[in-house]
Amino acid sequence: MSDAAVQDQLEQYRTELTGYCYRMLGSAFEAEDAVQDTMVRAWRSFEKFEGRSSVRSWLYRIATNVCLDALNAGNRRARPMDLTAPTPVAQAQLNSRPEVTWLEPVPDGRVMPSVADPAETAVARETVRLAFVAALQHLPPKQRAVLILREVLAWKASEVAELLGTSVASVNSALQRARATLAESEPARTDTADPLDEEQRKLLDRYVAAFEGYDMAALTALLHEDATLSMPPYDLWLRGHDDITGWMLGVGEVCRGSRLVPVVANGTPAFAHYHPDPEGGFSPWALMVIEIVDGKVSGITSFLDVKRWFPLFDLPERLEA
């Protein structure tokens, strides 16, 4: 087989492998690096591949080893709410914690392959949600791999055992322990959205109008009473109407007059948040991931490192007035 043919055969699995590595690592960039490492290793050793398993299974074995090596070398990724209690707005300060490795957002198109089965698509969206990927970070690396392979990708226990070089009993035991750990800190529910249904579209239209108009009464009406606001890389997070609107009318007042551009991240609605620029137009400010439950906003995560996120999401460097 020619080098080009080998590369084509491997490349067809890139998106699903990136989704797997993202769930394992919690970082879009680390996931893409892990998949690239996987592809290079596979390409170099393709002549030795004996076909005892499918190419897909073989690639997952390589990717798993790459991810396990990465996880054994570093800390788990976290959201601000994994580290501290919510802060009352009167005491709120923006403290960056460079020692913390933050959970990162990801564009759906990078991690969700096109599949014909709506049920598979629903599971894929559900399991790249920020809350779900954050919950996975609480699992030891091998338990994390077992849970993703068994419950997200629907592999058989025997297939996972072969991939990990262990027994079916060991796989079943790891899965049971992983389920128990997740049950102790069950991921918050979030409505996935792609495509949006009519109710979600109307809610998001009202959200954009309220945020761009800086109408706190209208915004409050769209939030659950226990809605959260966080702003990685700062460890601050706020909970509840009063603290969120209090923040936005205090330190957050600089966001008055902003513009929001819709995108999709982690299986849920998101916005590129552009801030008024003193020199005219609007400059990047945050990637805002919105979590929705039962027709209201339950969480707002504003990822502020726009030099990383805006190019990843193919967003313009600025908006004109």
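## The loop with P233

P233 sits in the loop between β1 (223–230) and β2 (237–239). Strands here are DSSP runs of E with at least two residues, helices are runs of H or I with at least four, and both are numbered from the N terminus. What kind of peptide bond runs from P232 to P233? That bond is cis, with omega near 20 degrees. As background, most peptide bonds are trans.

This is a predicted model, so to speak: local features need pLDDT of at least 70, side-chain atom pairs count only at pLDDT 80 or more, and totals for chains, interfaces and linings use all residues. Residues are numbered from 1 along each chain as its sequence is written, and side-chain values use heavy atoms, with hydrogens and water left out.

## The whole chain

Let's zoom out. The chain has 14 helices and six strands, and its C-alpha trace spans about 65 × 45 × 40 Å along the principal axes. With 321 residues, a compact globule would have a radius of gyration near 20 Å, and the chain's 21 Å agrees with that. (The radius is taken over C-alpha atoms, and the globule rule is 2.2 Å times the number of residues to the power 0.38.)

Buried residues make up 50% of the 321; buried means under 20% relative accessible area, exposed means over 50%, and partly exposed is in between, using a 1.4 Å probe and protein chains only. Contact means heavy atoms within 4.5 Å. Among contacts between residues at least 6 apart in sequence, 66% join residues at least 24 apart.

## Two nonpolar cores

A nonpolar core is a set of buried Ala, Val, Leu, Ile, Met, Phe, Trp, Tyr and Cys residues joined through side-chain atoms within 4.5 Å. The largest one has 72 residues, and L10, L17, Y20, C21, M24, L147 and L315 touch the most other members. Helix α4 (residues 55–73) gives the most to this core, with 10 residues. Apart from it lies another core of 28 residues, including A210, I290, I292 and I300.

Take M24 from the largest core. Leaving out residues up to four places away in sequence, M24 touches C67, L68, L71, Q137, P141, R144, A145 and I148.

A272 is found in strand β4 (residues 268–276). Is A272 buried or exposed? A272 counts as buried because its relative accessible area is 0%. Beyond its neighbours within four places in sequence, A272 is in contact with R259, L260, V261, V263, A286, F310 and L315.

M288 belongs to strand β5 (residues 282–293) and is buried too, with a relative accessible area of 2%. How far is M288 from M24? Their C-alpha atoms are separated by 23 Å, and the two residues are 264 apart along the chain.

## Two positive phi values

Most residues other than glycine have a negative phi. Y214, in the loop between α11 (198–212) and α12 (216–220), has a phi near 50 degrees, a positive value in a residue other than glycine. Y214 counts as buried because its relative accessibility is 5%.

D314 lies in the segment after α14 (306–312). Its phi is also positive, at about 55 degrees, although D314 is not a glycine.
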